[in-house]
Amino acid sequence: MARQKGGWSSLPADLVNRVADCFLATSDLDYYTDLRAVCRHWRSSTADPRSNQHDPRFRPSHWVLLNERELSSPKSDGACLFVNAATGRFLRRTLPALLLRDHLLVTTTAGGLLVLAARGSPHAARVLNPFTGSWTRFAAPLPITEVPSFTADVVGSSPTLFLASVSTNKVYWADPQSESFSADEEHSHFPASRRLPLIAAGKCAVVLDGRDREPGAHKILDQLVSPEEPCCGCYVVVDPAGEGDTLLAVLMRRHGIDVFKIDSAAGTVIERVRSIGSRALFLGIRCLIVDAHSFPAIEANCAYFQPIGGQDRAAFDVVECDIYKFDFQRSTEVEDETKRISAAVVNDTVSRMWPFYPRPFTVIQLLCNYTLPVPCSVVLCRRIAALYYQRIDVN
């Protein structure tokens, strides 16, 4: 019937929207924009992401930019390599040369938005949706230091840009109309950069409700730390399978890993998670959760991490570049809790890999490298390189 009356371009608008909604459900925004480019009818039947840029349907989710360090280089050609953590789909996109000439890449959000700084003074903040080409311009200049390194989150329909410094415990946030970034120093056992989704949710709740909730969504993690067994690390991961404001709080103890599901809006712990099913966690200064069935070599119900610096290194006594794997399934097969935690770290549920081999990298190495801060500190790069070549000389 479609062929007789004009072909695919004559499809009813509701059918076109059903196909478009399927692309939006998996955050395949490039497919959505390609669909709208087919013909005028399809374009008029679907919502325009550029005119509805704050619509949450058009905000990317699950996407990870794998080559941020190359993109932040002055010699970058604008080529971006993305991967969808939910579907395992890889995507290459090239940013316009004009954009790179006028802006500097600062960092990316967990969903795939690019946080940029305008060249020249002041360095006004910009947030780019690389899949739709939509911009959000901020009047406030970014709080850039000598070696800028942030984790970022964009929340709300305004939207509000949150930045957490990797080198300090400071958090910055601003709306597009704000003249400057507000700043606050978080007083917690854990770095603010690894808890940013919780912090952002807590501060947004204060704005919406007009009052601070006790104990506060961004401070709930401190209550999960046992004085008898100090926590060596804390990570907050957005749970795409959760409802509403559900996040996963991952506590790395000296002898194991505990996961809790928390309600970031209410500031309460919902339950302890014994298994993450078919998914896998990648923990670091930035965190993500992937569908293990969509990636080769990644095992389900496991957590991968690199103990880099500070408390993490002291807890596990490893060279910074090793990648560890924690198997939740094997850790629960031992009845005694103490044995369960000890075995999960020292036995074969933990494996070591070296992530700085010459290319091509493995998928595990790529995703673990994503958890490191961007732009990467020159000092850290030199230290990693020295360790790598020292290993070669020794072996």
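## Helix α2 and its surroundings

The buried residues of helix α2 pack against helices α1 and α3 (40-45) and strand β3 (90-94), and these buried residues are Leu-29, Asp-30, Tyr-32, Leu-35 and Arg-36. Here, buried means under 20% relative accessible area, exposed means over 50%, and partly exposed lies in between, with a 1.4 Å probe and protein chains only. Helices (H or I, at least four residues) and strands (E, at least two) are DSSP runs, numbered from the N terminus.

This is a predicted model, in which local features need pLDDT of at least 70 and side-chain atom pairs count only at pLDDT 80 or more, while totals for chains, interfaces and linings use all residues. Residues are numbered from 1 along each chain as its sequence is written, and side-chain values use heavy atoms, with hydrogens and water left out.

## The chain as a whole

The secondary structure of the protein chain comes to 11 helices and 19 strands, and 50% of its 395 residues count as buried. Among the contacts with a separation of 6 or more, 51% are accounted for by residues 24 or more positions apart, where contact means heavy atoms within 4.5 Å. The protein chain exposes about 19200 Å², of which carbon and sulfur atoms supply 53%; accessible areas come from the Shrake-Rupley method with a 1.4 Å probe, and for residues only the protein chains shown count as cover.

## A sheet and a hairpin

Four strands form an open sheet in the order β4-β5-β6-β7, with antiparallel pairing. Its edge strands, each of which pairs on one side only, are β4 (103-108) and β7 (135-141), and the twist averages 25 degrees from one strand to the next. Two strands pair if DSSP finds at least two bridges between them; β4 and strand β5 (residues 114-118), which run antiparallel, are joined by 5 bridges, and Leu-104 has Ala-117 in β5 as its bridge partner.

Strand β13 (residues 246-253) is largely enclosed by the rest of the structure, because 8 of its 8 residues are buried. On one side these are Thr-246, Leu-248, Val-250 and Met-252, and on the other Leu-247, Ala-249, Leu-251 and Arg-253, so that both faces of β13 are covered. The strand runs antiparallel to β14 (residues 256-263), to which 8 bridges join it, and the two form a hairpin with 2 residues between them. Within this pairing, Arg-253 has Gly-256 in β14 as its bridge partner.

## Nonpolar cores and a buried helix

In soluble globular proteins, nonpolar side chains tend to be buried together. A nonpolar core is a set of buried Ala, Val, Leu, Ile, Met, Phe, Trp, Tyr and Cys residues joined through side-chain atoms within 4.5 Å. The largest nonpolar core here has 24 residues, and those with the most contacts inside it are Leu-71, Phe-82, Leu-95 and Leu-114. The elements that give two or more residues to this core are α1 (13-25), α2 (29-36), β1 (63-65), β2 (79-84), α5 (97-102) and β5. Apart from it lies another core, of 21 residues, among them Tyr-304, Ile-364, Leu-366 and Cys-368.

Helix α10 (residues 363-370) is largely enclosed by the rest of the structure, because 8 of its 8 residues are buried; the buried residues of α10 include Ile-364, Leu-366 and Cys-368.

## Individual residues

Thr-132 sits in the loop between β6 (124-128) and β7, and it counts as buried at 9% relative accessibility. Its side chain makes polar contacts with the side chains of Asn-129, at 3.3 Å, and Ser-134, at 3.2 Å. A polar contact is a pair of N or O atoms within 3.5 Å; within protein, one must be able to donate a hydrogen and the other to accept it, and residues adjacent in sequence count only if both atoms are side-chain atoms. Leaving aside neighbours within four places in sequence, Thr-132 is in contact with Leu-29, Thr-33, Pro-49, Arg-50 and Phe-58.

Most residues other than glycine have a negative phi, and most peptide bonds are trans. His-62, although not a glycine, has a positive phi of about 75 degrees; His-62 lies in the loop between α3 and β1 and is partly exposed, with a relative accessible area of 24%. Ala-297, also not a glycine, has a positive phi of about 75 degrees, and Ala-297 lies in the loop between β17 (288-291) and β18 (302-305), where it is exposed, with a relative accessible area of 64%.

Terms used. Axes fitted to C-alpha atoms, helices over the stretch in contact; angles between N-to-C directions.
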